[in-house]
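Thanks for coming. I'll take a few minutes on one structure, so please have the sequence and the coordinates open.

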Amino acid sequence: MELQRISGDVYACLQPDRGLGTSNSGLVDRGGGLVVDTFWDLPHTRRLRDLYGRVWKGPARRVVNTHHNGDHCWGNQLFPEAEIIGHRLCAAAFGKESPEFMQALRNAGGSDDPALAALARRLVDWDFTGIELRPPTTLVDDRLEIDLDGLAVHLLYVGPAHTAGDVIVHLPEARVVFAGDVLFRLCTPIGWEGTYARWMAALDEIVALEPELVVPGHGPLSGVEGPREMKAYLAYVRAEARRCFDADLSVLDAARRIDPGPYASWTEPERIVFQVERAYREFRGEPHDAPLDVTALFRGMHQLSRERLHAPPALPAGSS
Ligand SMILES: [Zn+2]
């Protein structure tokens, strides 16, 4: 992971790999300090805290969780002096994911089930032991403004987009937005409770704030081209998924059929299974928080990545 000073007293901590759980964090080192998101386990969050400790004036007194996924808040306990701040629906969803369950998955590398064993292999860098969930106790509804010794920090509710309780963190003077997982940059997004329309509107809201820098939940820093491109991706996948839905294709067949087009270089392409399922959920007229069959979706992702790995190379155009 890498600490970058992005503006005055504002820092980002970026985890370069764009795979499962490698999220980003931020620090505003002013007025007692404010951290945006912790990491997925205690070892990674200890390294984060050590990096912040090199620059901060003192331990941060506030931690904002942009949403409830573990890779953004399971390190909260390592900031024991901090007030934890998040959206009401983020706090309500805290128990939905369990560190013990993730540790059991992580330890399932010897399983006879190839999808489970593959998932376990992707989790070996993580250690979910010892995590005590510390949900937000200062709750955001629509917005919350914090004054850090003259520097304004605006927490804005933009959900349900990627999850029900999505909050973005806007620093108007610094012209920085911490987007949480409303923005995945150069990696395929994965989403939970929310709608395509709301997610695209949330990306529009980021652009309308005219930031110079956007810190995504996953992937490298961007300007407003990041949220613009991701909005185009969502519109593209929704339109393609609609054609597949109308043709009665299964979610997995739709995911196979949809050409990644201009997004072919994004990592984790198999996550499109999640996006198609979310689109189908809307097309079926189900609520935005109807539960997803996560096990089936991860199996679908595994299947898709195996097929791509073993697919014959594409023939050049014009060959027969
Ligand atoms: Zn995330």
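Which backbone oxygen lies 2.9 Å from a polar atom of the side chain of Gln 15? The backbone oxygen of Ser 23 does. Before going further, note that this is a predicted model.

Gln 15 is in the loop that lies between strand 2 and strand 3. Its relative accessible area is 5%, so Gln 15 counts as buried. Leaving out residues up to four places away in sequence, Gln 15 touches Met 1, Gly 21, Thr 22, Ser 23, Asn 24, Phe 39, His 44 and Trp 126.

Next, the strands on either side of that story. Strand 2 covers residues 10-14, and five of its five residues are buried, so strand 2 is largely enclosed by the rest of the structure. In general, side chains in a regular strand alternate between the two faces of the sheet. In strand 2, Val 10, Ala 12 and Leu 14 are on one side, Tyr 11 and Cys 13 are on the other, and both faces are covered.

Strand 2 pairs with strand 1, residues 2-7, in the antiparallel sense over five bridges. In that pairing, Ser 7 stands opposite Val 10. The hairpin of these two strands has two residues between them, and Gly 8 takes a positive phi near 50° there. Strand 2 is also joined to strand 3, residues 25-28, by four bridges, again running antiparallel. Here Ala 12 is placed opposite Gly 26.

Now the cysteines. How many disulfides does a search of the whole structure find? The search finds zero. For Cys 13, the nearest cysteine sulfur is that of Cys 187, 16 Å away. Cys 13 has a relative accessible area of 0%, so it is buried. Cys 244 has 6% relative accessibility and therefore counts as buried.

Last, the metal site. The zinc ion is coordinated by Asp 71 and Asp 181 through OD atoms, and by His 72 and His 218 through NE2, at 2.1 to 2.3 Å. Along the sequence the donor residues are spaced D-H-x108-D-x36-H. Asp 71 and His 72 are both buried.

What angles do the four donor atoms subtend around the zinc ion? They run from 86 to 161°, and that range makes the arrangement irregular. For reference, the ideal angle for four tetrahedral donors is 109.5 degrees.

Conventions: Residues are numbered from 1 along each chain as its sequence is written. This is a predicted model: local features need pLDDT of at least 70, side-chain atom pairs count only at pLDDT 80 or more; totals for chains, interfaces and linings use all residues. Side-chain values use heavy atoms; hydrogens and water are left out. Donors are N, O and S atoms within 2.8 Å of the metal (3.2 Å for Na, K and Ca); water is not among the atoms, so sites may look incomplete. Four donors count as tetrahedral if all angles lie between 85 and 135 degrees; four count as square planar and six as octahedral if opposite donors are over 155 degrees apart and all others between 65 and 115; anything else is irregular. Buried means under 20% relative accessible area, exposed over 50%, partly exposed in between (1.4 Å probe, protein chains only). Two strands pair if DSSP finds at least two bridges between them. A polar contact is a pair of N or O atoms within 3.5 Å; within protein, one must be able to donate a hydrogen and the other to accept it, and residues adjacent in sequence count only if both atoms are side-chain atoms. Contact means heavy atoms within 4.5 Å. A disulfide is a pair of cysteine sulfur atoms within 2.5 Å.
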